[in-house]
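Subject: Structure for you to look at, with notes

Dear colleague,

Here is the structure that I promised to pass on, and my notes on it follow below. Please read them with the model open beside you.

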Amino acid sequence: MTTASPVTLSKLVSRHEVAERTTAFRFEKPLNWTFKAGQYLDMTLLDPSETDAEGNSRTFSIASAPLEETLMVATRMRNTAFKRALNTMPPGSAVKIQGPSGSLTLHNDVKRTAVFLAGGIGITPFRSIVCRAAKEKLPHRIFLFYSNRRPEDAPFLDEMQALETENPNYKLVASMTEMAKSHQSWDGEIGLIDREMLLRYLKDAVSPIYYIAGPPEMVKALRTMIHGAGVDDDNIRAEEFAGY
Ligand SMILES: Cc1cc2nc3c(=O)[nH]c(=O)nc-3n(C[C@H](O)[C@H](O)[C@H](O)COP(=O)(O)OP(=O)(O)OC[C@H]3O[C@@H](n4cnc5c(N)ncnc54)[C@H](O)[C@@H]3O)c2cc1C
């Protein structure tokens, strides 16, 4: 028998842009509401200004770490009724949240290396885990491979870079696939995350566990790539952001 996850209300605190067409929303953390870094929630708008056939609920990974004061989600601001309503509701407005759910959480065995593969907005669960690892000084070795078209599209990029100085066990490998369309300079990796790139950084990785998150096409492509590199299914955990 499965138990339904709890439902509670939460109020919008603030919103801010974290990349082009991408906004983070901070909500009050309900009392006694706990979650593990990497989990997600279902959010329902109450009495939204508009609605459409897709309805008033969406699933979002929790982008904040458990020790942060507020609960944060981040999303690409596509032109749908849900997102327009979310983007215009005043601070103090309540939403219903159900959860937490999901098991894309960091493994317990600190000897094993964690390899995170994030495509675009798929960074959200990994931001939570990487922030948690830094705050709690976790001993896990963590590599975050983070692929975007351009730096302008990469949510939390500066923050993910800055965390390297806080946590010596964590390494960011960000890669851009369409720098020709960017107005920023970039001296990191370019091109798709591929087997050669993984091998270059993961020479000393100890029995790595791979975690993948992002839009379904990207998750499928990354899974196929690491399969091709000989990684066993037992060592791959993936979450597809259905709806993209
Ligand atoms: C576990 C999980 C975590 C997620 N985390 C995030 C996150 O952190 N940030 C984020 O931006 N998005 C996340 N998503 C995706 C999010 O729930 C929305 O689907 C997405 O943001 C698109 O919403 P939209 O309003 O732009 O488009 P929509 O109006 O939802 O329409 C997009 C299209 O996808 C279809 N669709 C919608 N929902 C589903 C579904 N559940 N399964 C299959 N098809 C569907 C619709 O029919 C439509 O054709 C997550 C999804 C899952 C399942």
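Why does Phe145 count as buried? Phe145 counts as buried because its relative accessibility is 0%, where buried means under 20% relative accessible area, exposed over 50% and partly exposed in between, with a 1.4 Å probe and protein chains only.

Before the rest, a word on the source: this is a predicted model, in which local features need pLDDT of at least 70 and side-chain atom pairs count only at pLDDT 80 or more, while totals for chains, interfaces and linings use all residues. Residues are numbered from 1 along each chain as its sequence is written, and side-chain values use heavy atoms, with hydrogens and water left out.

Aromatic rings

Rings of Phe, Tyr and Trp (its six-membered ring) pair if their centres lie within 6.5 Å, with planes under 30 degrees apart counted as stacked, over 60 as edge-to-face and the rest as tilted; by this rule there are 5 aromatic pairs. Phe145 and Tyr201 make an edge-to-face pair, with 6.0 Å from centre to centre and 80° between the planes. This pair links distant parts of the chain, since Phe145 lies in strand E8 (residues 142–148) and Tyr201 in helix H4 (residues 195–201), 56 residues apart; helices (H or I, at least four residues) and strands (E, at least two) are DSSP runs, numbered from the N terminus. Tyr201 counts as partly exposed because its relative accessibility is 25%. Trp33 and Phe35 form a tilted pair, at 5.9 Å centre to centre and 45° between the planes, and both Trp33 and Phe35 are buried. Ring pairs also join Phe116, Phe126 and Tyr211 into a cluster.

Around Val115

Val115, in strand E7 (residues 114–119), is buried with a relative accessible area of 0%. Leaving aside residues up to four places away in sequence, Val115 touches Phe143, Phe145, Leu202, Pro208, Ile209, Tyr210 and Tyr211, where contact means heavy atoms within 4.5 Å.

A charge over a ring

The charged end of Arg127 sits over the ring of Phe156, 5.3 Å from the ring centre; the rule asks that NZ of Lys or CZ of Arg be within 6 Å of the ring centre and within 35 degrees of the ring normal.

With regards
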